[in-house]
Amino acid sequence: MNTSLISDLSDAVALSEQLNLYLKPIAKVNICVTLPKLKVAGQTISNWEVMEKIKIMCTPHQFTLLRVSKSTLDFVRFEGEVENKLLLPTFVTMLDGKQIKLSGFPVHLKISCGESKVSFPTRHDWDSFFRDSKEFDEMLPGERPDTVHLQNVPCKFFTSKKSQTVSEELVKLAFLSYGEIRNIDIPMLDPYRSDVQATSGNNFQTFSFGSRLNFEVYVQYTEYIGFAKCMNALKGKKLVAKESDGKGVAATIKVDFDRTKHLSADTINHRLLEKQKIERLQQAREDEKRKEREAKERKANEERERELQEIRDQEERRKKREEKRSRKRREKKEKEEAAKLALKIAMEERKLMLAQRKLESIRLLSELLDRVKNEAQQAEVERLEREIAKKAEEERKKKETEERKRREKEERKREKLKRKELEMKSRLLKRKLDEDYKKGEKRRKKAMKHLKSGKHLSSAIVVRSSESLSPR
C-alpha cells in the first residue's frame, strides 16, 4: 500500500476543495549509520534496534515512516518520512553527527543525516527529451510536453458514488484548475486495453479490469502553460484526501511527463483500430461460440429426446410388468381371503361350541358357589362381631388413657400456677423488705448527720420521750 494516515495538514495546498483533495510536500530524510567491524563470528547487528534508538533520539517528534533503504557490512541507510516539511531541519539537527550505543558493541556508531531529494523531472528534462528526439513532432498534440502521466493513484480518491468506479469527470474536475484539458485517458476503465497492449507489444502492462486499488491516468492539456503548472504543482508532493474528522489519507504518487505519445492522434487512432479489431475478433469468437453452443444444445436436445423416448419405453414396459404382478397379487389375495374365510367360519363354530360348554360349566359352578356362600356368610358375620367387640374395647381403653392424660395435664397446670403464685409473693415480699430497708437506711443516715452536727439533739430526745409516753 502507498497510502498512510496523517493528521497535520497545515502545509497542504488545495488541489480540489470540492473533492477534498490536497497536495502536501514530501518530507523525507536519509539517515546513514556507520557499522563497526564485526570481530566475533556469528555476531550481527539488529536493524530494528538501530531504528528504535533513532526514534528515541527524535523524541518528542515522530516519524510517519522509517524503513531500511540499503544495508551493507559497512553501513545501514534508512529513509524516514515526517508529517511536516518544516520539521526536517529539527530532525537533521537531532541526528546528524550524533552517536548511538548498541548492546554488545563497545564502539559507538556514528549517524549522518540529511534531507532527501525527491526525484522529479524538470523543465530541462522534458525540453531536451522532445527537442533531441527525432520521433516526435512538437507541433502535434501528444508529441510535445503537454501530457502528465500519473501512476499509483488510489482509486477511492476518484471513485463515483453512483457507478462505484473511477470517474474521468472527477479526475478532470481535480486537474482543471491548472488549465484547459484536451483529453484524459484512464487505461483501467477500458476492458480491451490489456488486449490492445498485448497485440501492439508496446508498454505491456498486465492488470485486471476493475480489480485494482490504484490506477494510472494520462492528463493532456490544451496549452503548454497548463502542463507546466501541473508538473510544478505536483513536484515533490503527495496526494491527500481529507476526511470528515480533519485527518487525511496521503498517497505517494509517481508523476512524469508522457514519453510514449500515449495521447497523440496516431496512437489514439491505433488503439481505436486495435480495439475495433479486437471487438470484431471477439464478436467473431462470440458468434463461433454461439454456433458451437447452439450445435451443442441441438445435439443435447436430440440426445435428451432419445433418452426421454427410452425412458417412456422403459416406463411402458414397467407398467406392463406392474400390471402383471398386480393381477397375480390380486389372484393370490383372493385365494388367501377364501382360505381365511373358511378358517374363520370353522373358528366361529368351534367358539360357539366352547361357549355352550362354558355356559353349562358356569351354571354348575353357580350352584356350588351358592351353597358355599351361605356357610361363608355365617363365618363372616361371626368374624365381624368379634372385630366390632375388639374395636369397642380398644376405643374404651383409648378414652381412659386420654382422660388420664388430661387429668395429669390439668394437675401439672395447677402445680405450675401455684409455683408462679409463690414466686410472685416472694418477689413482692422481697421488694417490700428492700423498700423498708432503704427507708430505714435513709432515716439512719439522717440521724447520724444530725448527731454529727450537734444541733437540736435535746429537743429530739424530748420529743421522742414524749412520743413514747403518750398513749396510743
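Let's start with Leu-150, which touches Phe-175, Phe-215, Glu-216, Val-217, Val-219, Leu-234, Ile-253, Lys-254 and Val-255, leaving aside residues up to four places away in sequence; a contact here means heavy atoms within 4.5 Å. Leu-150 also belongs to the largest nonpolar core, which has 39 residues, and is listed with Phe-158, Phe-175 and Phe-215 as having the most contacts inside it. A nonpolar core is a set of buried Ala, Val, Leu, Ile, Met, Phe, Trp, Tyr and Cys residues joined through side-chain atoms within 4.5 Å. Helix 6 gives this core its largest share, five residues. Apart from it there's another core, of 24 residues, including Val-33, Met-51, Ile-54 and Phe-78.

A word on what you're looking at. This is a predicted model, where local features need pLDDT of at least 70 and side-chain atom pairs count only at pLDDT 80 or more, while totals for chains, interfaces and linings use all residues. Residues are numbered from 1 along each chain as its sequence is written, and side-chain values use heavy atoms, with hydrogens and water left out.

Now for the rings. The structure holds 10 aromatic pairs, meaning rings of Phe, Tyr and Trp (its six-membered ring) with centres within 6.5 Å; planes under 30 degrees apart are stacked, over 60 edge-to-face, and the rest tilted. Phe-63 and Phe-91 make a tilted pair, 4.9 Å centre to centre with 50 degrees between the planes. Phe-63 lies in the loop between helix 1 (47-57) and strand 5 (65-71) and Phe-91 in helix 2 (residues 88-95), so the pair ties together parts 28 residues apart in sequence. Helices (H or I, at least four residues) and strands (E, at least two) are DSSP runs, numbered from the N terminus.

Trp-126 and Phe-227 pair edge-to-face, at 5.1 Å centre to centre and 75 degrees between the planes. Trp-126 is in helix 3 (residues 123-132) and Phe-227 in helix 6 (residues 224-234), 101 residues apart. Trp-126 counts as buried at 2% relative accessibility, and Phe-227 is buried at 0%; buried means under 20% relative accessible area, exposed over 50%, partly exposed in between (1.4 Å probe, protein chains only).

Over residues 456-472, though, pLDDT stays under 50.

Definitions and conventions
pLDDT is the predictor's confidence in each residue, from 0 to 100.
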